[in-house]
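Here is a walk through one model, told in terms of contacts and charges. Have your viewer open and follow along.

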Amino acid sequence: FSLEDLVVRGQEVYSRNCLACHGANGEGGVGTAIAGSAIVTGEINAHLDVGVNGVPGTAMQAFGSQLNDVDMAAVITYQRNAFSNNMGDMVQPVDVYNFKKGQ
């Protein structure tokens with residue numbers, strides 16, 4: 001998938017699964033802000049860990065069994081490149097698969 005393909009799909013996944021808690025502009029609300037987040041702008045595997053496994057003791061649920069690897073890769077890529085995060089990187093579905101396998 002190209003960066004553009006992942007971002008377009010990721011925006012759709014974000015709208016369906018993340019927007020209610022993290023806000024239309026990544027500003028937060030029920031959940032923490034995505035815009036400028038240390039997780040989102042940090043190491044990719046840490047970001048994958050939060051998306052796949054959630055954060056125990058918080059409202060952040062695990063999406064690893066709810067989203068397929070393509071949608072997880074897309075939404076992580078979208079978050080890393082939206083809301084002025086501009087990381088310029090991307091996550092491919094095989095990266096999600098390998099992350100899950102390595103746990």
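What follows goes from the salt bridges to a helix pair, then on to a histidine and an alanine.

First, the ground rules. This is a predicted model, so local features need pLDDT of at least 70 and side-chain atom pairs count only at pLDDT 80 or more, while totals for chains, interfaces and linings use all residues. Residues are numbered from 1 along each chain as its sequence is written, and side-chain values use heavy atoms, with hydrogens and water left out.

Let's start with charge. Side chains of opposite charge can pair when their charged atoms come close. How many salt bridges does a search of the whole structure find? It turns up three, where a salt bridge is a side-chain nitrogen of Lys or Arg within 4 Å of a carboxyl oxygen of Asp or Glu.

Take D71 and R9, whose side chains meet in a salt bridge at 2.6 Å, N to O. The pair links distant parts of the chain, with D71 in helix α4 (residues 69-81) and R9 in helix α1 (residues 3-17), 62 residues apart. Helices here are DSSP runs (H or I, at least four residues), numbered from the N terminus. D71 counts as buried because its relative accessibility is 11%, whereas R9, at 33%, is partly exposed. The cut-offs: buried means under 20% relative accessible area, exposed over 50%, and partly exposed in between, using a 1.4 Å probe and protein chains only.

Next come D69 and K100, which meet through their side chains at 2.8 Å, N to O. D69 lies in helix α4 and K100 in helix α5 (residues 93-101), so this bridge ties together parts that are 31 residues apart in sequence. K100 is partly exposed because its relative accessibility is 26%. Then there is the salt bridge between R80 and D89, at 3.0 Å, N to O; both of these residues are buried.

The axes of helix α3 (residues 44-53) and α4 come within 11 Å and cross at roughly 125°; axes are lines fitted to C-alpha atoms, for helices over the stretch in contact, with angles running from 0 to 180 degrees between N-to-C directions. That angle makes α3 oblique to α4, because under 35 degrees counts as roughly parallel, over 145 as roughly antiparallel, 65 to 115 as roughly perpendicular and the rest as oblique. On the α3 side the contact (heavy atoms within 4.5 Å) is made by I44, H47, L48, G51 and V52, and on the α4 side by M72, I76, Q79 and R80.

Now find H22, in helix α2 (residues 19-22). Buried or exposed? H22 counts as buried, because its relative accessibility is 11%. A polar atom of the H22 side chain sits 2.7 Å from the backbone oxygen of T32. Not counting residues up to four places away in sequence, H22 touches Y14, E27, G28, G31, T32, I34 and M60.

Finish with A24, in the loop between α2 and α3. A24 is partly exposed because its relative accessibility is 46%. Leaving aside neighbours within four places in sequence, A24 is in contact with L19 and F83.

Definitions and conventions: Helices (H or I, at least four residues) and strands (E, at least two) are DSSP runs, numbered from the N terminus. A polar contact is a pair of N or O atoms within 3.5 Å; within protein, one must be able to donate a hydrogen and the other to accept it, and residues adjacent in sequence count only if both atoms are side-chain atoms.
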